[in-house]
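Dear colleague,

I am passing on the structure below, and after it you will find some notes on what turned up when I went through it. Please read them with the structure open beside you.

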Amino acid sequence: MQNETLRPETTPTGLSDFSPTMDGTLRSHAPGTLVDKYGRRITYVRLSITDRCDFRCTYCMAEEMTFLPRHEVMSLEECLQVASVFVGLGVSKLRITGGEPLVRKEAMWLIERLGALPGLDNLVITTNGSQLDRFAPALKSAGVKRINISLDTLKADRFKAITRIGDLGKVLNGIKAAQAAGFRRTKLNTVMMRGINDEEFGDLVQFALDHELDLSFIEEMPLGEIHGRSGTYISSEETRESLGQRFELIPSTESSGGPARYWRIPGSESRIGFISPHSHNFCDTCNRVRITAKGELYPCLGQNDAMHLMPILRENPGEDAPLRQAIMDSMGIKPYGHDFTKQMESPQVVRFMSMTGG
Ligand code: SAM
Ligand code: SF4
């Protein structure tokens with residue numbers, strides 16, 4: 001059973017100026033914005049521009065991956081068209097992700113154009129950091145506001161074991177390059193894995209404090225048929241308790257509009273976040289949808305329903321109206337939420353995170 005059944009439908013979907021809330025009041029929306037059937041306004045899109053990656057992180061990909069043939073991946077022009085239609089529908093934040101977005105050939109062509117889209121206030125990117133020493137200055141000049149970098153360990157041999165092929169030194173250089181290019185509040189993302197990187201959580205927090213970085217710990221999510229994950233799963237709460245023995249953690253009311261909850265450490269600007277899809281379901285305030293490199297619009301990370309934009313893009317080249325209609329229609333299939341906890345041993349979501357874009 002999905003928790004969709006827990007919530008009644010509340011409002012017609014698509015474009016709406018007003019939508020009812022669960023307490024029966026009307027919530028107003030700017031005209032021509034995207035609102036789902038539970039009255040949640042969609043303002044944030046995560047766009048995967050490739051399913052390929054130069055790492056093979058154990059929690060994200062299988063060791064042997066078959067990647068999509070080129071013609072099944074959206075062209076950069078198609079990515080730009082999709083993004084600009086979303087922006088026309090009131091989306092103000094776009095995260096470029098993947099796979100590893102910076103291994104896509106000519107990724108900067110797209111990023112420069114996205115940076116110039118009027119109405120897109122917040123262009124951000126999630127990367128494994130391996131290519132940042134090359135690209136950080138260009139990302140800054142293109143108007144990227146903030147960078148998230150995945151970092152699960154500070155030990156080179158462990159880094160190699162988790163990523164299978166990654167080089168920690170390159171990522172650490174990438175972090176330095178981002179800071180030298182003028183990026184502030186760069187955020188590290190750490191997937192918590194018992195028996196794999198849990199004894200390093202305190203050192204990762206200290207690294208973030210020393211380098212004026214933010215850090216979010218992420219509960220491992222059951223995406224893709226990789227391995228039974230309940231052995232490695234650690235809750236945010238458990239990590240917070242153990243970090244509390246080394247650091248004074250003060251809960252903060254700050255929010256980036258996403259699933260992370262933040263804590264501060266006195267004397268530091270760094271925010272320590274916890275992304276807890278299992279222990280704290282964040283569906284209530286969900287404001288986002290995800291687009292895969294194949295042009296599938298997933299209204300929910302944890303469910304399989306998708307709207308396929310690729311046939312619409314290919315049958316109507318350069319035309320925005322059919323695309324806009326499909327995006328509006330997708331509001332009708334956005335479910336109330338996911339149910340990751342029940343899925344840990346036998347994932348119902350068969351795509352890998354590298355497909356949906358994290
Ligand atoms: N390659 C880039 C990177 O690693 O940052 C961007 C894509 S990656 C899929 C986005 C984020 O998803 C990363 O922070 C990664 O750690 C996280 N991720 C991947 N698989 C995950 C899983 N099964 N559970 C939780 N987080 C996961
Ligand atoms: Fe690549 Fe990012 Fe997935 Fe690691 S988490 S395999 S870096 S896409």
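Leu139 is in contact (heavy atoms within 4.5 Å) with Leu102, Met108, Ile111, Ile125, Leu132, Val144, Ile147 and Phe183, when its neighbours within four places in sequence are left aside. This is a predicted model, in which local features need pLDDT of at least 70 and side-chain atom pairs count only at pLDDT 80 or more, while totals for chains, interfaces and linings use all residues. Residues are numbered from 1 along each chain as its sequence is written, chains are lettered from A and ligands numbered from 1 in the order in which they are written, and side-chain values use heavy atoms, with hydrogens and water left out.

Together with Phe86 and Ile111, Leu139 touches the most other members of the largest nonpolar core, which has 92 residues. Such a core is a set of buried Ala, Val, Leu, Ile, Met, Phe, Trp, Tyr and Cys residues joined through side-chain atoms within 4.5 Å, where buried means under 20% relative accessible area (1.4 Å probe, protein chains only). Helix H1 (residues 76-88) gives the most to this core, with 8 residues; helices are DSSP runs of H or I with at least four residues, strands runs of E with at least two, both numbered from the N terminus.

As for the strands, 12 of them form an open sheet of mixed pairing, in the order E10-E11-E12-E9-E8-E7-E6-E5-E4-E13-E14-E15, and two strands pair if DSSP finds at least two bridges between them. Strand E10 (250-251) and strand E15 (307-308) stand at the edges with a single partner strand each, so one side of each is left without a neighbour in the sheet. Strand E8 (residues 187-192) pairs with strand E9 (residues 214-219) in the parallel sense over 6 bridges, and the bridge partner of Leu188 in E9 is Leu215.

With regards

Methods: Buried < 20%, exposed > 50% of the residue type's maximum accessible area, 1.4 Å probe, protein only.
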